[in-house]
Amino acid sequence: MSAKPNTDEKGEFKRQSSSFREIISAEHPIYKPASGRYWLYVALACPWAHRTLITRALKGLAPVIGCSVVHWHLDDQGWRFLEARDGKTNERHWFDIAGGINSASSNGSTPVANIVDSAHRLLIDGTNEPNYGHKRLSELYIKTDPGYDGRFTVPILWDLETCTIVNNESSDIIRIFNSSAFDEFVGEEHRRLDLVPRPLEGQITVFNSWVYDKINNGVYKTGFAESAEVYEREVTSLFHYLDKLEILLDEKYSKLEAEYGKTSQDKILARYFAIGDALTEADVRLYPTIVRFDVAYHQHFKCNLATIRDDYPRIHTWLKNMYWRHEAFQRTTDFNHIKLGYTRSQPQVNPLGITPLGPKPDIWPL
Ligand SMILES: N[C@@H](CCC(=O)N[C@@H](CS)C(=O)NCC(=O)O)C(=O)O
């Protein structure tokens with residue numbers, strides 16, 4: 001998401017590469033593992049930030065790494081926090097033990113259409129920034145490097161001890177969370193979960209690489225295209241790779257069906273994942289794009305050759321399985337932030353900022 005995305009002279013979207021790429025480990029000269037030392041800054045609309053929230057929840061890190069959520073509206077100065085009631089409120093209670101969000105925003109009685117960009121509903125539109133009382137995400141970048149001239153993006157993994165950004169690349173941040181760095185601060189069940197098990201690492205890497213380029217980033221390349229020619233090429237490619245994903249998941253599902261029988265849906269779903277037969281990083285990286293597809297990308301980014309719910313039955317089942325059977329996925333998904341974030345923050349795509357009410361429901365029951 002961005003008020004004005006980077007595009008080149010051909011009208012093609014070019015994603016900026018991330019600037020801060022450190023890790024946290026006992027061997028690192030500065031960034032040592034510790035509880036309460038690191039802080040995660042996210043936007044709930046942002047798919048890249050979403051993967052870090054899911055991983056934080058899955059690895060039981062909510063009590064170890066605090067979190068702040070920017071307001072869903074990205075304006076021409078970037079992301080902002082809600083005003084602090086007092087500069088030091090610890091918002092960890094909002095991101096409860098499961099690492100999820102208060103569902104008030106999803107069940108709230110105010111229809112999306114009536115919500116204005118200046119809404120200031122603390123813990124619904126976002127949180128304050130409790131560590132320094134900052135108003136803007138950009139302040140964290142400037143604090144780290146006064147000469148920083150890149151984009152002010154979420155997610156940020158922040159070190160409260162040195163007051164610097166450790167890392168602002170989501171694919172690194174999820175690997176840091178998945179590493180053993182924080183093992184001593186979490187329970188056995190969370191320590192045991194490895195999202196990139198050695199035997200599957202090769203398959204996960206191959207899957208991630210085309211999913212990133214063709215699907216995760218593919219929707220952006222489609223939606224931010226500035227010429228019909230670029231748009232048509234990108235949207236065609238995007239659906240070609242969704243077709244590929246559907247075939248892959250169909251093979252998986254059919255195999256499980258043959259093993260357990262058509263009526264044993266529970267048993268099938270317990271092993272129905274993108275790679276292997278347990279949850280891995282591949283699911284974590286695919287989910288944020290697929291859960292946004294029908295509610296945001298289909299209309300806002302003109303990714304409208306098909307919908308997940310009506311045209312990709314296997315991807316749809318996989319999505320519902322993730323959302324309904326895995327708390328870390330459901331509790332970090334906020335459809336209001338997603339819909340409002342995209343439709344109100346990108347005037348070049350949606351100049352009037354009218355947020356479509358549909359499709360309904362946001363996600364179908366399992
Ligand atoms: N490479 C980054 C990309 C993050 C990114 O593009 N974040 C968007 C939100 S979806 C952002 O903060 N954009 C603000 C801007 O570009 O001004 C990652 O994966 O962590």
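This is a predicted model: local features need pLDDT of at least 70, side-chain atom pairs count only at pLDDT 80 or more; totals for chains, interfaces and linings use all residues.
Reader: Which residue follows α8?

Author: Glycine 261 follows α8, and its phi is positive, near 90°.

Reader: Why do residues three or four places apart in an α-helix point the same way?

Author: An α-helix has 3.6 residues a turn, so residues at that spacing point the same way. A case here is helix α6 (residues 201-216), where phenylalanine 207 and tryptophan 210 are three residues apart and therefore separated by about one helical turn. Their rings form an edge-to-face aromatic pair, 5.3 Å centre to centre with 70° between the planes. Lysine 244 lies over the face of tryptophan 210, at 4.4 Å from the ring centre.

Reader: How many aromatic pairs does the structure hold?

Author: There are 29. One of them joins tyrosine 132 and tryptophan 158, edge-to-face, at 5.9 Å centre to centre and 80° between the planes. Tyrosine 132 is in the loop between α2 (104-107) and α3 (138-144), while tryptophan 158 is in strand β3 (residues 156-159), so the pair ties together parts 26 residues apart in sequence. Tyrosine 132, at 25% relative accessibility, is partly exposed, whereas tryptophan 158, at 0%, is buried.

Reader: Where does UniProt place the feature "active site"?

Author: The unreviewed UniProt entry places it at Cys46 and Tyr220. These positions are spread over 175 residues of sequence, yet they cluster in space, with a largest C-alpha distance of 11.7 Å.

Reader: Is cysteine 46 buried or exposed?

Author: Cysteine 46 is buried, at 5% relative accessibility. Cysteine 46 sits in the loop between β1 (38-42) and α1 (47-58). Leaving aside residues up to four places away in sequence, cysteine 46 touches Val154 and Arg292.

Reader: What lies over the face of tyrosine 220?

Author: Arginine 15 does, at 4.7 Å from the ring centre. Tyrosine 220 belongs to helix α7 (residues 218-223) and is buried, at 0% relative accessibility. Tyr220 is also part of one aromatic cluster, whose members include Phe13, Trp48 and Tyr342.

Reader: How many residues of helix α14 are buried?

Author: Eleven of its eleven residues (335-345) are buried, Tyr342 among them. At the start of α14, a side-chain oxygen of aspartate 334 comes to within 3.0 Å of the backbone nitrogen of asparagine 336.

Key
Residues are numbered from 1 along each chain as its sequence is written. Side-chain values use heavy atoms; hydrogens and water are left out. UniProt positions are given in the numbering used here, feature names are shortened, and annotations may be inferred rather than shown by experiment. Helices (H or I, at least four residues) and strands (E, at least two) are DSSP runs, numbered from the N terminus. Buried means under 20% relative accessible area, exposed over 50%, partly exposed in between (1.4 Å probe, protein chains only). Contact means heavy atoms within 4.5 Å. A polar contact is a pair of N or O atoms within 3.5 Å; within protein, one must be able to donate a hydrogen and the other to accept it, and residues adjacent in sequence count only if both atoms are side-chain atoms. Rings of Phe, Tyr and Trp (its six-membered ring) pair if their centres lie within 6.5 Å; planes under 30 degrees apart count as stacked, over 60 as edge-to-face and the rest as tilted. A charge sits over a ring if NZ of Lys or CZ of Arg is within 6 Å of the ring centre and within 35 degrees of the ring normal.
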